[in-house]
Every structure is written in structure tokens, then in C-alpha cells.
Amino acid sequence: VQLQASGGGLRQAGGSLRLSCVASGSIFMLRAMGWYRQAPGKRRELVAAFTEGDNVDYADSVRGRFTLSRTSANYTWYLHMNSLKSEDTAVYFCHCRGIRSPISQEYDYWGQGTEVTVSS
């Protein structure tokens, strides 16, 4: 399973961005699709991820500003980022847990990261 993240860029505070993640390869099932971020000098943290069904777990710092969505095929998911703040500046990584075949184990998969910079 390969994840391709895109959509990062430079925005002024208050602006918006949409990040995309596309999963490809040998896929039997994906779950827990979402996004993490890592700011310079900080640990990687959860931004948003699907839990059970269409429920989403959001970090407190982004709740109400960011929205996680996905396509009906569940192989593409998006992070809609509104009202951006300088503290949102980070490298954003898409993530999921996946199974490649009915007999394989579940693994964690990560995208390559896309950089978001918010200027104040």
C-alpha cells in the first residue's frame, strides 16, 4: 500500500488549504484514515482520523477549523483546513492502517509528508 500526499503550501493566517491523500497498490481494506503533523522540534501528533464508521477524532487545536472527509471508495481522503494559524505550520503526513489481502496482517502506512506554512 502506497500513500501519496499533496496539497501543502504557503498561506497567510486566516487562509485555507486542502490536503489530499491517495492510497494505491494492493488493498484489501483500509481503516483509520487520517492526518498527523510534525512541527519543527516537536513530536508527530494526530490532527484528525476516522474512527468507527464516519466518526472523526480531531485534535483540540483544530476542532471546528479542520474537516476530514473521504471518497465513497475510501481510497482518497482530504483534510480541509480553514482559519489557518501560524501554529498550524508543520509537515503533514497522511496515515492509515491497512490489510493487503484476506490472509495478511494489518500494518501502518504513511505518506511522504506535505509541508504547510502559515505566515502571521
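**Entry 1: the β7 and β8 pair.** I looked up how β7 and strand β8 (residues 76-81) pair, and found the antiparallel sense over five bridges. I took helices (H or I, at least four residues) and strands (E, at least two) as DSSP runs, numbered from the N terminus. Two strands pair if DSSP finds at least two bridges between them. I noted that serine 69 has tyrosine 78 in β8 as its bridge partner.

I worked on a predicted model, in which local features need pLDDT of at least 70, side-chain atom pairs count only at pLDDT 80 or more, and totals for chains, interfaces and linings use all residues. Residues are numbered from 1 along each chain as its sequence is written, and side-chain values use heavy atoms, with hydrogens and water left out.

**Entry 2: the open sheet.** I then followed the order of the sheet that holds this pair. It is an open sheet of four strands, β1-β3-β8-β7, with antiparallel pairing. The edge strands, each pairing on one side only, are β1 (2-6) and β7 (66-70). From one strand to the next I read an average twist of 15 degrees. For such angles, axes are lines fitted to C-alpha atoms, for helices over the stretch in contact, and angles run from 0 to 180 degrees between N-to-C directions.

**Entry 3: the partners of β4.** I found that β4 pairs with β9 in the antiparallel sense over eight bridges, and that arginine 31 has arginine 97 in β9 as its bridge partner. β4 also pairs with β5, again antiparallel, over four bridges. Here tyrosine 36 stands opposite leucine 46 in β5. Six residues lie between β4 and β5 in their hairpin, and glycine 41 in the turn has a positive phi of about 80 degrees.

I also checked glutamine 38, which is in strand β4. Glutamine 38 is partly exposed, with a relative accessible area of 30%. By the definition I used, buried means under 20% relative accessible area, exposed over 50%, and partly exposed in between (1.4 Å probe, protein chains only). Not counting residues up to four places away in sequence, glutamine 38 touches Arg43, Arg44, Ala90, Val91 and Phe93; contact means heavy atoms within 4.5 Å.

**Entry 4: the core.** Which residues of the largest nonpolar core touch the most other members? I found Leu3, Trp35, Trp77, Leu79, Met81 and Tyr92, out of 31 residues. A nonpolar core is a set of buried Ala, Val, Leu, Ile, Met, Phe, Trp, Tyr and Cys residues joined through side-chain atoms within 4.5 Å. Strands that each supply at least two residues of this core include β1, β3 (17-24), β4 (29-38), β9 (90-99) and β11 (114-119).

I next looked up serine 20, which lies in strand β3 and is buried at a relative accessible area of 12%. Serine 20 touches Gln4, Ala5, Ser6, Trp35, Trp77 and Tyr78, not counting residues up to four places away in sequence.

**Entry 5: the cysteines.** A search of the whole structure gave me one disulfide, a disulfide being a pair of cysteine sulfur atoms within 2.5 Å. Cysteine 21 and cysteine 94 form this disulfide, with their sulfur atoms 2.2 Å apart. The torsion about their S-S bond is about 60 degrees, so the disulfide is right-handed. The pair links distant parts of the chain, cysteine 21 in strand β3 and cysteine 94 in strand β9, 73 residues apart. Cysteine 21 is buried at 0% relative accessible area, and cysteine 94 is buried at 0%.

**Entry 6: the aromatic pair.** My count came to one aromatic pair. Rings of Phe, Tyr and Trp (its six-membered ring) pair if their centres lie within 6.5 Å; planes under 30 degrees apart count as stacked, over 60 as edge-to-face and the rest as tilted. Tyrosine 36 and tryptophan 110 form an edge-to-face pair, 5.1 Å centre to centre with 65 degrees between the planes. Tyrosine 36 lies in strand β4 and tryptophan 110 in strand β10 (residues 106-110), so the pair ties together parts that are 74 residues apart in sequence. Tyrosine 36 is partly exposed at 22% relative accessible area, and tryptophan 110 is partly exposed at 37%.

Histidine 95 stands opposite tryptophan 110 in β10, and the hairpin of β9 and β10 has six residues between the strands.
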